[in-house]
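Q: Could you walk me through reading a few structural features, one at a time?

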Amino acid sequence: MTHIDKMTAYIASFIDELASLDVQDVVVSPGSRSTPLAILAADHPALNVHINIDERSAGFFALGIAKAKQKPVVLVCTSGTATANYYPAVVEAFYARVPLIVVTADRPHELRDVGAPQAIDQIRLFGEFAKWFAEVALPEDTPAMLQYIRTVAARAVGTALSGPKGPVHLNVPLREPLLPNLSLDNLWDQGKRVSNHYVTVQKSISTLSDESFKHLATRLASYKKGVIICGGLADSSSANLLTELAKTLGFPVLADPLSQLRSGNHDQTMMVNSYDTFLRNEAILSELKPDVIVRFGAMPVSKALLLFMKQYTPKELIVVDEEGGWRDPTLLATEMISCDEELFCKSVLSHLSSVEASNEWSSKWLAVHEATMRGLQELESEHELSEGKAVLELSKLLPDESTLFVGNSMPIRDVDSFFIENDKHIKILANRGANGIDGVVSTALGTSLVEKNTVLLIGDLSFYHDLNGLLAAKMHNLNITIVLVNNNGGGIFSFLPQSKEEKHFEALFGTPADLEFEKAIEMYGGKYVQADTWEAFREAFSRSVKEQGVSVVEIKTKRHENVLHHRNLWNRVTQEINKSFLGEK
């Protein structure tokens, strides 16, 4: 066989094995060295290929698809600095536990380190952020090598999906000529076994022994003052069991917006979602000190909650993580349990039939929550555009079965504070692995490929940082509504100690860019509306979620006034709580 036929058989075997293992999506950035990978992926009948010209955007676009599907997505690019542009997305995928298979084409060994163009050192380029790295062998079509490359594909999928999920990196050296032979006989059957795929990758479920569950249930039942904290979870499948466990133990549930517990038709009577606001009230904190905390998912967004846990350290802090990671930035954990969340709740509940839950304890938390919500109701009557009220409005305006993707810095914190519980089915996602502002537009657009009614809430600097991402919407006819909160700079820094350094604050932290986004949005084929009133915002938003393509609804706020607005609101809530619980007038 010719070089082209050998290469075609080899790469086709790799691509076909990925498809046989339920990989559905490949994101390709154009380039020469990756030609056989791109063409054969595009030609495979079971794969969806999405072109994304900018590799940095492509990485986050793939991340969004994988985050929404919870399945591995393949990234393909050419050699050289194109590969380095994947780095931020790989970092986010590693910390956010998103399965990606990064396939970087490379020069063959004889063209490395000799001054050949587009040749950089790609070996272990992503360091420890790749769960597994393999320098794939040069193409051959012997039975042993076709078996090898199919096994590499299977191992890549299995490693990306094994807990904790994350990215793998395959570096593929290729010699010219690069154009594959699509007319090769039995193109997708090269090196294939009779079975559907070469290696079956089984995913195990983490659990404990029944005796361990019984002992744990006895300990939890002995506490009258406990709290369940739910951080970011992939879906709401454990919602009913979590709330049943909370009611049985009498433990209130502090649900982060990414827990998928703030929306839905599950029992929400034990939900306390306003904690980020009332945990700033020093006067009542000692009354809320728990003796035990059971934590599920990633660490919540709220800094007030983090400080509360550190100040009022519980006797026991039990962290339940189905993927066996070590997610405890408080450094207070007394027990790390690797166990599926649903299985954990079901197993503990089976040993809790005679628990006498403390209604006094849970009633205290719920009463503080209700008093806080009364204080927050003042947002309803505000006429000025503000970032907190934008979230409150969104929680009401979002259609059922929506996905809200939230940008970092202020948007995610405002969602934490002001997104109220509801009985709609609204999934809330964000890039909270590394918490960066890069790639948010692209990730949201990748999500919109999977989830209908996707809405992105984002700040102006983060939006600017990934404007290139909008091209994917134009190229793939994606539908998304973007709520752009423009406070002309880095709004979160106004809440930090740096804001007191007036001499250098604006230049180094405030960073006003004075950008008008309308023309850029039009360049990518999007629709743009600036809402100057809440009535205009409601009208524009309601219209946008019914339209095709990209619709951007911008509201402009002022950073300094936003800080005052938040602090005044917190003060009003404090007064409401103190009036209810401390008898203050």
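Q: Which residues make a nonpolar surface patch here?
A: First, some ground rules: this is a predicted model, where local features need pLDDT of at least 70, side-chain atom pairs count only at pLDDT 80 or more, and totals for chains, interfaces and linings use all residues. Residues are numbered from 1 along each chain as its sequence is written, and side-chain values use heavy atoms, with hydrogens and water left out. Ile51, Ile53 and Met475 make a nonpolar surface patch of about 240 Å². Such a patch joins nonpolar side chains (Val, Leu, Ile, Met, Phe, Trp, Tyr) within 5 Å, from residues with over 30% relative accessible area and no salt bridge; areas come from the Shrake-Rupley method with a 1.4 Å probe, only the protein chains shown counting as cover for residues.

Q: And where are nonpolar residues gathered in cores?
A: In soluble globular proteins, nonpolar side chains tend to be buried together. A nonpolar core is a set of buried Ala, Val, Leu, Ile, Met, Phe, Trp, Tyr and Cys residues joined through side-chain atoms within 4.5 Å; buried means under 20% relative accessible area, exposed over 50%, partly exposed in between (1.4 Å probe, protein chains only). In this model the largest core has 89 residues, and Leu245, Phe278, Phe296, Phe344 and Leu404 touch the most other members. A second, separate core of 45 residues includes Phe60 and Leu467.

Q: How many salt bridges are there?
A: Side chains of opposite charge can pair when their charged atoms come close. The cut-off for a salt bridge is a side-chain nitrogen of Lys or Arg within 4 Å of a carboxyl oxygen of Asp or Glu. A search of the whole structure finds 23. One of them joins glutamate 17 and arginine 150, with the closest N and O atoms 2.7 Å apart. That pair links distant parts of the chain, helix H1 and helix H6 (residues 143–161), 133 residues apart. Helices (H or I, at least four residues) and strands (E, at least two) are DSSP runs, numbered from the N terminus.

Q: Why does glutamate 17 count as buried?
A: Glutamate 17 counts as buried because its relative accessibility is 1%.

Q: Is arginine 543 buried or partly exposed?
A: Arginine 543 is partly exposed, with a relative accessible area of 37%. This arginine forms a salt bridge with glutamate 547, the closest N and O atoms being 4.0 Å apart.

How values were computed: Patch = residues over 30% accessible without salt bridge, like charges linked within 9 Å, V, L, I, M, F, W, Y side chains within 5 Å.
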